[in-house]
Amino acid sequence: MKKFFVIGNPIKHSLSPELHNFWLKKNKIDAIYEKIKLEDNELEDFINKLRNDEIHGINVTVPFKNKVIKYLDKYSLEVEETDSVNTIYKNGDEIIGHNTDVAGFELGLRHSKINTLHKTIFILGAGGVVPSIIYSLIGMGCKKIFLTNRTIAKAENIKKKFKDIEVIKWGEIPDFDIVINATSVGLKGDSLGLDFQVKDKIFYDVIYNPKETQFLKKAKESGNKIENGKFMFIYQANQSFSIWNNTIPKIDEEVLKIF
Ligand code: ATR
């Protein structure tokens, strides 16, 4: 039986096992997918289990997306551009890292019929997933990206990699078509405390649990279109599954019921 894992810290709340185990069963693949909490000093040994064929694939989440890179033999362009890995697999004797958050974000938006071509995007937050979102948006041909973060130095750091983005102060609201909450604010029902005063815009939250954060709730009440990160999550998993199992699993009503 093959074994797949998602590694992170904390990891309790990850829904990846539910999703992957559902698809494994549907596709009659003799495998199991589990979550495991690791410490920094356990990463290398864990990745070596993949090298020794004890395990067969790893998903990586916060705070290890960057930290695992030094234990890989090779990585994809998406990893090079974002400095983050969320999927690890073995090809021949080599351990390869890929970042399916980039495709996951794009496919999720396309699924929801949100078009970013020539649009101005405003991103809140500078955590682990933001470089993937920026790289994805640039690939889709957006016009302009504004980035803000409570700790501005972290946003400035992302700008070193993506020179064309504009970093603005926390609390400033530029003219935009789509605003993306990529902070962790909203996970516990908390509010960003930003005053948008706009309508007919698109508000996107990377958070999908709760389904409607305060950020989305208020935006909807003001007459904006809203979308949460559920499809980004599903599509990044879908891409990882395809890499490991050579099968593209179906995203249907049954899958959506998992959430
Ligand atoms: P990491 O930074 O470890 O990747 P993350 O959950 O991906 O973790 O990112 C957390 C994001 O939410 C950061 O942008 C963080 O802002 P800081 O860099 O200033 O910490 C943001 N965040 C968390 N709590 C916040 C709050 N109360 N107000 C505004 N931003 C907040």
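How many bridges join β4 to strand β6, and in which sense do they run? Two bridges join them, and the strands run parallel. Strands here are DSSP runs of E with at least two residues, helices are runs of H or I with at least four, and both are numbered from the N terminus. Two strands count as paired if DSSP finds at least two bridges between them.

A word on the model before we go on. This is a predicted model, in which local features need pLDDT of at least 70 and side-chain atom pairs count only at pLDDT 80 or more, while totals for chains, interfaces and linings use all residues. Residues are numbered from 1 along each chain as its sequence is written, and side-chain values use heavy atoms, with hydrogens and water left out.

**The sheet**

Let's follow the strands. Six of them make an open, mixed sheet, ordered β2-β1-β3-β5-β6-β4. Because β2 (31-37) and β4 (74-75) are at the edges with a single partner strand each, one side of each has no neighbour in the sheet. On β4, Lys74 sits opposite Ile96 of β6, a strand that spans residues 94-98.

β6 also pairs with β5, antiparallel and over five bridges; Ile88 has Gly97 in β6 as its bridge partner. These two strands form a hairpin with two residues between them, and Gly92 in the turn has a positive phi of about 65°. β5 is joined to β3 as well, by two antiparallel bridges, and Asn59 has Thr87 in β5 as its bridge partner.

**The helices**

Helix α1 (residues 16-26) lies across β1 (2-8), β2 and β3 (57-60), at about 170° to β2. Helix α2 (residues 43-51) packs on the sheet too, touching β1, β2, β3, β5 (87-91) and β6, and makes about 40° with β5. Contact means heavy atoms within 4.5 Å; the angles, from 0 to 180 degrees, are between N-to-C directions of axes fitted to C-alpha atoms, for helices over the stretch in contact.

**The ligand**

Residues around the ligand (a heavy atom within 4 Å) include Gly125, Lys154, Trp170 and Val185. By class, this shell has three nonpolar, seven polar and two charged residues, with Gly counted as polar. The table lists polar contacts, meaning pairs of N or O atoms within 3.5 Å.

| Residue (polar side-chain atom) | Distance to a ligand oxygen atom |
|---|---|
| Asn149 | 2.7 Å |
| Arg150 | 2.8 Å |
| Thr151 | 2.5 Å |

The protein covers 69% of the 630 Å² of accessible area that the ligand has on its own (Shrake-Rupley method, 1.4 Å probe).

Notes
A polar contact is a pair of N or O atoms within 3.5 Å; within protein, one must be able to donate a hydrogen and the other to accept it, and residues adjacent in sequence count only if both atoms are side-chain atoms.
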